[in-house]
Amino acid sequence: MRQAGRERQLAALREQIGGLAPEAAGRPVLSFGVDPIDTHLPGGGLRLGAVHEVLAAGPVDGEGALAALFVAAILARLPGPVLWCLTRRDLFAPGLAAVGLHPDRVLYAETRRETEVLPTMEEGLRHRGLAAVVGEVARLGLTPSRRLQLAAEGSGGLALVIRRWGAAVPEPNAAATRWGVTAAPSPALPVPGLSRARWTVALVRARGAEPRTWLLEAPDAKGRLRLPPELADRPLAAPARRAAAG
Amino acid sequence: MVAAGQDGPRRVLTAVDRAARAAGLRPGLALAQAQAMVPGLAVIAADPEEDAAALTRLAAWCLIYAPLVAPDPPDGIWIDVAGAAHLQGGEAALLATLRRRLARAGYRVRVALADTPGAAWAAARCLHPETVLPPAGQRPHLLDLPLWALRLAPDTVSGLAQLGLTRVAHLVDQPRGPLRLRFGEEPGRRLDQALGYAPEPLAYLAPPAEHAVRLAFPEPIGAPETLARVAGRLCAMLAEALARHGLGARRLDLVFRRVDGLDQAVSVGTARPSRDPAHLARLLTERLPQIDPGHGLDEARLSAPRVERLGARQLAAPGEEPDPDAMAELVDRLVLRLGPGRVFRRSPVESEWPERAVRRVAPLSPATGVTWPADLPRPGRLLPVPEPVAVLAALPDAPPTAFTWRGTRRRVARADGPERIFGEWWLAEDEVAATRDYYRVEDETGARYWLFRDCLTREGARWWLHGLGEA
């Protein structure tokens with residue numbers, strides 16, 4: 001009884017706080033098409049017109065390959081041209097096309113210095129013709145992230161920041177969500193070869209949602225992530241565990 | 001062949017061509033003496049007015065490179081490339097293009113670029129025929145030059161030579177007072193102008209009045225916000241003029257007249273013809289910080305030296321295909337910010353070699369709909385240069401069981417391959433025998449790598465890591 005009252009109170013408070021942050025209210029979202037993630041995220045997906053951060057951390061993804069593919073898969077499910085701002089020349093367009101990001105849709109802006117990436121992203125976000133703007137940087141501080149957030153709010157574009165090189169240090173910033181993608185062992189096949197790759201997708205931080213980790217199958221040729229079949233058959237397992245922990 | 005003109009009672013040579021110079025003739029020589037030296041000399045009458053007109057015509061042609069151009073009789077042209085060199089890919093590239101195009105038109109020219117008109121004058125005549133002096137670094141280059149390089153009158157040069165002063169370095173060290181008493185203001189002023197201590201107003205050509213608008217100000221202006229507002233108003237006026245003719249601008253020159261005569265200019269280019277005042281004003285505003293207002297600017301002139309036909313069009317309705325003009329505006333702004341060649345799209349090339357499978361295409365090139373073959377798995381990142389790895393392979397033609405990359409050993413849990421790629425001998429001769437066997441491997445943590453073994457070397461195959469991450 002007391003528990004239920006507290007839940008109600010919390011819900012009311014959440015609503016009040018949601019009202020204080022105007023960018024959160026009634027924005028369109030891009031759903032992942034994966035039920036557990038979409039129900040967990042406020043609004044049911046990645047909010048458009050906001051900044052989202054993808055960490056490329058650790059020894060496994062130090063070069064940000066999985067982060068780039070994760071971002072490309074998100075863009076594949078979003079119609080319209082996108083701008084990709086980078087300084088390094090190691091992004092491999094055929095790999096991005098393999099998760100559904102068609103080369104005709106991507107405009108690249110290569111900056112001389114990494115410090116130019118965020119201003120270039122802002123320039124792109126101010127432009128209303130773009131569906132999304134991606135940038136690869138080492139750091140995303142509070143002030144630049146707020147500027148990106150304001151520009152994204154104005155145009156309704158999606159801002160995705162890939163944090164490369166020393167991204168292990170989390171910084172406080174205005175990103176609406178922060179993600180981390182790491183590799184997970186894929187199931188063995190009965191014959192030599194490789195099955196679809198698996199990723200551990202972690203929601204490290206999000207406004208209005210708790211951190212959470214999902215084991216997923218890597219995106220297919222249309223950019224769709226999927227729950228591994230053996231987990232998808234047990235939809236009630238996760239909530240049950242959560243209730244037990246609470 | 002020589003040209004001869006009247007100098008007082010004598011007829012003297014005013015200009016000589018290369019053959020005449022080789023025969024020992026020099027401008028200033030008496031015509032009678034020259035004819036005695038070279039029998040059968042072809043002489044034409046000098047026409048200084050026509051020379052000056054031809055120089056002005058040539059200077060007007062140079063307006064395609066920069067908005068501020070001034071003829072410098074008898075034989076020079078000044079081009080103020082500040083704010084315009086980026087359109088040609090930099091200062092050195094601008095000089096090379098300029099010289100090449102003039103050479104094709106039959107002009108033998110020497111070009112130089114420096115911080116001040118005086119230094120450029122000297123460098124063009126005394127240094128390498130295509131010189132770019134570093135910003136704020138012209139002093140050491142000038143010190144060694146003879147005094148005439150400072151544009152001093154011949155009498156002054158010979159007078160100074162009598163005092164033992166023959167090089168610019170000698171003049172720099174001289175106290176100014178005695179010099180001024182003997183030779184007047186000229187040597188000191190020319191020295192200061194060359195070194196940038198004194199301003200030098202030039203008489204710039206007014207560009208052809210077609211597609212140009214101007215605003216004069218009752219009071220000199222200088223505040224950055226005012227300049228931006230002026231740019232906006234001029235763009236609106238110009239856009240109206242262009243709309244009447246059904247044209248769009250590909251280049252814009254904005255020239256401010258400064259009260260002390262040192263004109264300031266900026267230029268911007270666009271990827272597609274445009275007459276959207278807001279877009280053009282935004283491009284110009286990005287460049288306005290380059291304008292040095294000094295004590296104030298009293299006139300602004302905006303012209304469109306390059307225009308293209310641009311018909312009337314409808315605004316795109318929301319939800320329609322993205323407006324190509326909207327993309328062009330974004331490309332213009334990005335190119336202005338990052339420089340040419342840094343904004344591009346990537347397009348497939350039919351090549352098996354991963355390095356060659358991608359090429360850069362212009363940002364606004366039409367969409368082809370072509371992509372890479374979907375049945376070949378490819379990594380998300382391709383290392384610009386494959387990195388060697390030490391491998392442990394159980395069998396010669398099998399994927400490795402473990403490999404060491406960047407000092408970390410990784411055990412291979414699963415692998416797929418090989419995908420054999422043959423050298424493209426029609427592109428490079430040494431690739432006749434080159435093959436690569438690509439393997440996709442997954443280590444114990446699930447991380448995926450793209451390794452290849454080359455079969456080129458005699459001492460055995462070497463292994464390389466080429467790509468990271470894979471969906």
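Strand β5 (residues 106-110) of chain A and strand β12 (residues 343-348) of chain B run antiparallel and are joined by 2 bridges. That is enough to count as pairing, which takes at least two DSSP bridges between the strands. This is a predicted model, where local features need pLDDT of at least 70, side-chain atom pairs count only at pLDDT 80 or more, and totals for chains, interfaces and linings use all residues. Residues are numbered from 1 along each chain as its sequence is written, with chains lettered from A and ligands numbered from 1 in the order written.

**The sheet**
- A:Tyr108 has B:Phe344 in β12(B) as its bridge partner.
- The open sheet has 10 strands with mixed pairing, in the order β10(A)-β9(A)-β8(A)-β3(A)-β7(A)-β6(A)-β4(A)-β5(A)-β12(B)-β13(B).
- At the edges, β10 (212-217) of chain A and β13 (358-361) of chain B each pair on one side only.
- Helices (H or I, at least four residues) and strands (E, at least two) are DSSP runs, numbered from the N terminus.

**Helix α6 of chain A**
- Helix α6 (residues 142-155) of chain A has 14 residues and spans 20 Å from first C-alpha to last, close to the 20 Å expected at 1.5 Å a residue; the expected span is 1.5 Å times one less than the number of residues.
- Its buried residues (20 or more other C-beta atoms within 10 Å of their own, C-beta atoms being placed from the backbone) include A:Leu148 and A:Ala152.
- The buried residues of α6(A) pack against β3, α5 and β7 of chain A, with contact meaning backbone-placed C-beta atoms within 7 Å.
- Just after α6(A) comes A:Gly156, with a positive phi of about 80°.

Definitions and conventions. Buried ≥ 20, exposed ≤ 12 C-beta atoms within 10 Å, placed from the backbone. Contact = placed C-beta atoms within 7 Å.
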